[in-house]
Amino acid sequence: MSWLRLTAIMAAILTLSMLATSCGNAKRTKFGRDPTAPLESLKAADFCAADAKGSFDTSNSKVNQGTETPPSGGDSYMFGRGGGCIQRPIREVWAVTHNLDLMLWDGVDHYTASYAPKLPHGVTHFIEIHYVVDSPIGAVKWTMQWYHSVPKGSGSPQAPTRIVINYQRIDGTVHIPYWEGSIILEEIQPAANGKPAITGMVVVNKINADRTSPQDAGDTIRELLDKMRSGDPNWGPIPTLE
């Protein structure tokens, strides 16, 4: 995915790894929350609403970014919260999120992805992706898990009106110790009576990584929104219409 600028992170990893003579990996962890519930209670409609003339802004975004410390204490992290409008049907936007080549983080040299055949309750797709960045002192690796779901009361996987996509780093380099977030897609306006389909998207992105700034965390959302607006969909994993 190209949501996060990895250049500074990789430079830090290379420098620190040379000093330590090893890239170093943290212990693998389990996905630490309900895979069907968003990280925060956000509504796409708060970031995608019609103006007085009934038109939607499908070229800009509304994003807040900064630094936070968990209420329970611990290391601080960078965050981005925001979203915008996409002039595409919600199923088509969902299909773009399954175009894994398009969604690859910038700076990643290789990746492997697998769709799990056995799904947790309420989950429509469970994807584990292993990322690799080549470096002179060896490969830098990390793993993230992605869970897609259609919440109760939000239609069906064949005809959703709301989709929640959760992601979390669960294994790999110690230089990215924490990274998780949620993507929420909502049908704002179906295509009807000559009006285009409008999908709202809101994202919360939280990360603690070497040389990562609040700007990086916010740019993650802006870049994601650009891809959702123009990227090619991968219809293969999307349930067919009833």
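R211 lies in the loop between strand 9 and helix 3. Helices (H or I, at least four residues) and strands (E, at least two) are DSSP runs, numbered from the N terminus. R211 has a positive phi of about 55°, although this residue is not a glycine. At 55% relative accessibility, R211 counts as exposed. Exposed means over 50% relative accessible area, buried means under 20%, and partly exposed lies in between (1.4 Å probe, protein chains only). N193 also has a positive phi, near 55°, and is likewise a residue other than glycine. N193 lies in the loop between strand 8 and strand 9. N193 is exposed, with a relative accessible area of 80%.

The model is predicted: local features need pLDDT of at least 70, side-chain atom pairs count only at pLDDT 80 or more, and totals for chains, interfaces and linings use all residues. Residues are numbered from 1 along each chain as its sequence is written, and side-chain values use heavy atoms, with hydrogens and water left out.

The protein contains three helices and nine strands. From the N terminus on, its elements run α-β-β-β-α-β-β-β-β-β-β-α. Of the 242 residues, 50% are buried. The protein exposes about 11300 Å², of which carbon and sulfur atoms supply 52%. Accessible areas come from the Shrake-Rupley method with a 1.4 Å probe; for residues, only the protein chains shown count as cover. Among contacts between residues at least 6 apart in sequence, 68% join residues at least 24 apart. Contact means heavy atoms within 4.5 Å.

The largest nonpolar core has 39 residues. Such a core is a set of buried Ala, Val, Leu, Ile, Met, Phe, Trp, Tyr and Cys residues joined through side-chain atoms within 4.5 Å. Y131, W142, W146, I183 and M201 have the most contacts inside this core. At least two core residues come from each of strand 3 (77–86), helix 2 (90–97), strand 5, strand 6, strand 7 (162–173), strand 8, strand 9 (198–208) and helix 3 (214–230). Another core, of six residues, lies apart from the largest one; among its members are L42, A44, F47 and I184. Helix 2 is mostly covered, with seven of its eight residues buried. These buried residues are I90, R91, V93, W94, A95, V96 and T97.

The structure holds five aromatic pairs. Rings of Phe, Tyr and Trp (its six-membered ring) pair if their centres lie within 6.5 Å; planes under 30 degrees apart count as stacked, over 60 as edge-to-face and the rest as tilted. F126 and Y147 form a stacked pair, 4.4 Å centre to centre with 5° between the planes. This pair links distant parts of the chain: F126 is in strand 5 (residues 123–133) and Y147 in strand 6 (residues 140–149), 21 residues apart. F126 is buried, at a relative accessible area of 15%. Y147 is also buried, at 7% relative accessibility. Y131 and W142 form another stacked pair, 5.4 Å centre to centre with 25° between the planes. Y131 lies in strand 5 and W142 in strand 6, so this pair ties together parts that are eleven residues apart in sequence. Y131 counts as buried at 2% relative accessibility, and W142 at 1%. Ring pairs also link F31, F126 and Y147 into a cluster.

A charge lies over one further ring. The charged end of R81 sits over the ring of F79, 4.4 Å from its centre. This feature requires NZ of Lys or CZ of Arg within 6 Å of the ring centre and within 35 degrees of the ring normal.

S182 is found in strand 8 (residues 178–189). At 1% relative accessibility, S182 counts as buried. A polar contact of 2.5 Å joins the side chains of S182 and N166. A polar contact is a pair of N or O atoms within 3.5 Å; within protein, one must be able to donate a hydrogen and the other to accept it, and residues adjacent in sequence count only if both atoms are side-chain atoms. Neighbours within four places in sequence aside, S182 is in contact with R33, P38, L39, I165, N166, Y167, V202, V203 and V204.

G172 lies in strand 7. G172 is buried, with a relative accessible area of 5%. The C-alpha atoms of G172 and T143 are separated by 6.0 Å, although these residues are 29 apart along the chain.
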